[in-house]
Every structure is written in structure tokens, then in C-alpha cells.
Amino acid sequence: MLEGAKLIGAGAATIASAGAAIGIGNVLSSSIHSVARNPSLAKQSFGYAILGFALTEAIASFAPMMAFLISSVFRSKNQRKKVVHKASTSFQP
């Protein structure tokens, strides 16, 4: 039951990648529209577009990290007992 919930959680965490792709598209489309309306502010709007792109891309990099944490770090009580049991039996003075 817990394994299935972990997989669902990891899959849900990767949905942020689709949101980041939509966000990058919105940033670049807004940049193109602003330059088309006022070409004299192209340099200033380019800096804002790069900032928006970087912040949106940061969210995209957090998504796989959260999926990895959900799928590998959280363990059930049975898995913890197995790890503790193996560790206690492997040490022999």
C-alpha cells in the first residue's frame, strides 16, 4: 500500500515539469509581445525575460528532486527494521 502511494506521489511531483514548460512558454511569448509593442525597451525586457525563465526553470529542477525524495527516502517501518537488522547482524567483533 505504501509503495503504491510513494509511486503516485513521485508521479504527481513530476507534473511540475509540465507547469514549468507552460511557464517558460508564457515568459517567452510575453517577451515577444512586449518587444513588438515597444522596441525601444527590448534590452530591459530581455533582462526580465531571462529572470522569469531562470525562476521558472528552478521550479522544473525541484520537481525531479522531490520525486526522488518521495520514492527513495521515505521508507516503511518494515524496510527500516530490515535495514536495522542487517546492520546489527553484520558487525561482529
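We're looking at a predicted model, where local features need pLDDT of at least 70 and side-chain atom pairs count only at pLDDT 80 or more, while totals for chains, interfaces and linings use all residues. Residues are numbered from 1 along each chain as its sequence is written, and side-chain values use heavy atoms, with hydrogens and water left out.

## The overall picture

Helices here are DSSP runs (H or I, at least four residues; strands would be E, at least two), numbered from the N terminus.

Of the 93 residues, 17% count as buried. Buried means under 20% relative accessible area, exposed means over 50%, and partly exposed is in between (1.4 Å probe, protein chains only). Take contacts (heavy atoms within 4.5 Å) between residues at least 6 apart in sequence: 82% of them join residues at least 24 apart.

## Helix H1

H1 covers residues 2-13, and its end C-alpha atoms sit 16 Å apart, which agrees with the 16 Å its 12 residues should span. The expected span is 1.5 Å times one less than the number of residues.

Lys6, Ala10 and Ala13 are the buried residues to look at in H1. Seen down the helix axis, the buried residues of H1 fall within an arc of 60 degrees, so they line one face; the arc is that of the directions from the axis to the C-beta atoms. An α-helix has 3.6 residues a turn, so residues three or four places apart point the same way. Leu7 and Ile8 are exposed, on the face of H1 turned away from its buried side.

## Helix H2

H2 (residues 15-37) has 23 residues and reaches 34 Å from its first C-alpha to its last, close to the expected 33 Å. Ala20, Gly23, Ile24, Val27 and Ser31 are buried in H2, and their cover includes helix H3 (42-73).

Ala16 also lies in H2, but is partly exposed at 28% relative accessible area. Ala16 and Ser61 are 45 residues apart in sequence, yet 9.2 Å apart in space, C-alpha to C-alpha.

## The surface

The accessible surface comes to about 7,200 Å², with 71% of that belonging to carbon and sulfur atoms. Phe62, Met65, Met66, Phe68, Leu69 and Val73 make a nonpolar patch of about 560 Å². Val73, in helix H3, is partly exposed at 46%.

How values were computed. Patches are made of residues with over 30% relative accessible area and no salt bridge: like charges are joined within 9 Å, nonpolar side chains (Val, Leu, Ile, Met, Phe, Trp, Tyr) within 5 Å. Accessible areas come from the Shrake-Rupley method with a 1.4 Å probe; for residues, only the protein chains shown count as cover. A salt bridge is a side-chain nitrogen of Lys or Arg within 4 Å of a carboxyl oxygen of Asp or Glu.
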